[in-house]
Amino acid sequence: TWFWAADSLTHLVPISFLVANVLTFSRASQDRELTALQAAGVAPLVPLKAAALVGIWLSFVTSFLLHSLIPATHYSKNRVVADTVRAVLLETGLTGDQFRLGQGVTIAWESRGAPGELRDLVLFVDDGALDFQTIGLRGVLRAESAWVFLDNDEAVLSCRFEGLRDPLGKTELRDLTLTRRLETLANENRRRESDRDLTGQHLLSEVERDVHPLSISAWYVYCRRIAFALLPLALGPIGFALGRAAGDRGRAQALLLTALPLGLFY
């Protein structure tokens, strides 16, 4: 919840600031407080400066959030659910009768034999399984047994299928051995870092050192953060103007006016 909240702060802060400005100055205009200030010789720029000062402070806060805090939490936000689900699966043993062998191969079995032996297997093979495409097999397959070997020295997992066939028995029995590196299996579904996970300084450094794969994308993300950081600074005077223009029309119409600048920005 904290991660999701941090990612939405850049939207909530300026929107809340604009709504607060419009409601405050529309009420002041409706109660003739702005008229009394002008009658006392106070220029309209004085309350406008108050709103602008708050907007400047919020711009600094939003800039820090966008360039430093939110990129640091963005990657963790996308990982926390996956890590929790993985821990639940490991603790409850829900994956005890099936596993994914990577590259489009999912295996389920009915029983176990000797250590490392699986019996009466069902294989789900999609188009990404190049090993099975070479022998002309894909879709749902069956196998009489399979032997799983783990080589810790080479960090390799080997699985030898015996009596491999399609469920209708149209193909002859075949044997096939699959070899997968443990690193590939562990990182197959790993979420890769994107520009949203990098701080502003990190993005600029990659562009300046010419190591970013797409510098235009990095500049876009950086400039987008600057635009969101400057948004509260612009909404201060805009909120004052909209609140004063609302006058006696009421708060409902004043709130409706806030959709104009926000719609234009987004």
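**Exercise 1. In which helix is the place of Leu242? Work out its surroundings too.**

Before we start: this is a predicted model, where local features need pLDDT of at least 70, side-chain atom pairs count only at pLDDT 80 or more, and totals for chains, interfaces and linings use all residues. Residues are numbered from 1 along each chain as its sequence is written, and side-chain values use heavy atoms, with hydrogens and water left out.

Step 1. Leu242 sits in helix 7. Helices here are DSSP runs of H or I with at least four residues, strands are runs of E with at least two, and both are numbered from the N terminus.

Step 2. Check the burial. Leu242 has a relative accessible area of 15%, so it counts as buried (under 20%; exposed is over 50%, partly exposed in between, with a 1.4 Å probe and protein chains only).

Step 3. Look for neighbours. Leaving aside residues up to four places away in sequence, Leu242 touches Val22, Leu257, Thr258 and Pro261; contact means heavy atoms within 4.5 Å.

Step 4. Now try a C-alpha distance. Phe25 is 217 residues away along the chain, yet its C-alpha atom is 8.2 Å from that of Leu242.

**Exercise 2. Describe how helix 6 and helix 7 pack.**

Step 1. Find the pieces: helix 6 covers residues 200-208 and helix 7 covers residues 215-246.

Step 2. Take the geometry. The angle is about 150° and the axes are 10 Å apart. Axes are lines fitted to C-alpha atoms, for helices over the stretch in contact, and angles run from 0 to 180 degrees between N-to-C directions.

Step 3. Name the arrangement. That angle makes helix 6 roughly antiparallel to helix 7 (over 145 degrees; under 35 is roughly parallel, 65 to 115 roughly perpendicular, the rest oblique).

Step 4. List who touches whom. Helix 6 brings Gly200, Leu203, Leu204 and Val207, while helix 7 brings Ser215, Ala218, Trp219, Val221, Tyr222 and Arg225.

**Exercise 3. Which residues touch the most other members of the largest nonpolar core?**

Step 1. Know the term: a nonpolar core is a set of buried Ala, Val, Leu, Ile, Met, Phe, Trp, Tyr and Cys residues joined through side-chain atoms within 4.5 Å.

Step 2. Pick them out. Among the 15 residues, they are Ile107, Leu121, Leu123, Ala143, Phe161 and Leu164.

Step 3. See where the core comes from. Strand 2, strand 3, strand 4 (139-151), strand 5 (156-164) and strand 6 each give two or more residues, and strand 3 gives the largest share, 4 residues.

Step 4. Look elsewhere. Another core of 10 residues lies apart, including Leu231, Leu242, Ala246 and Ala254.
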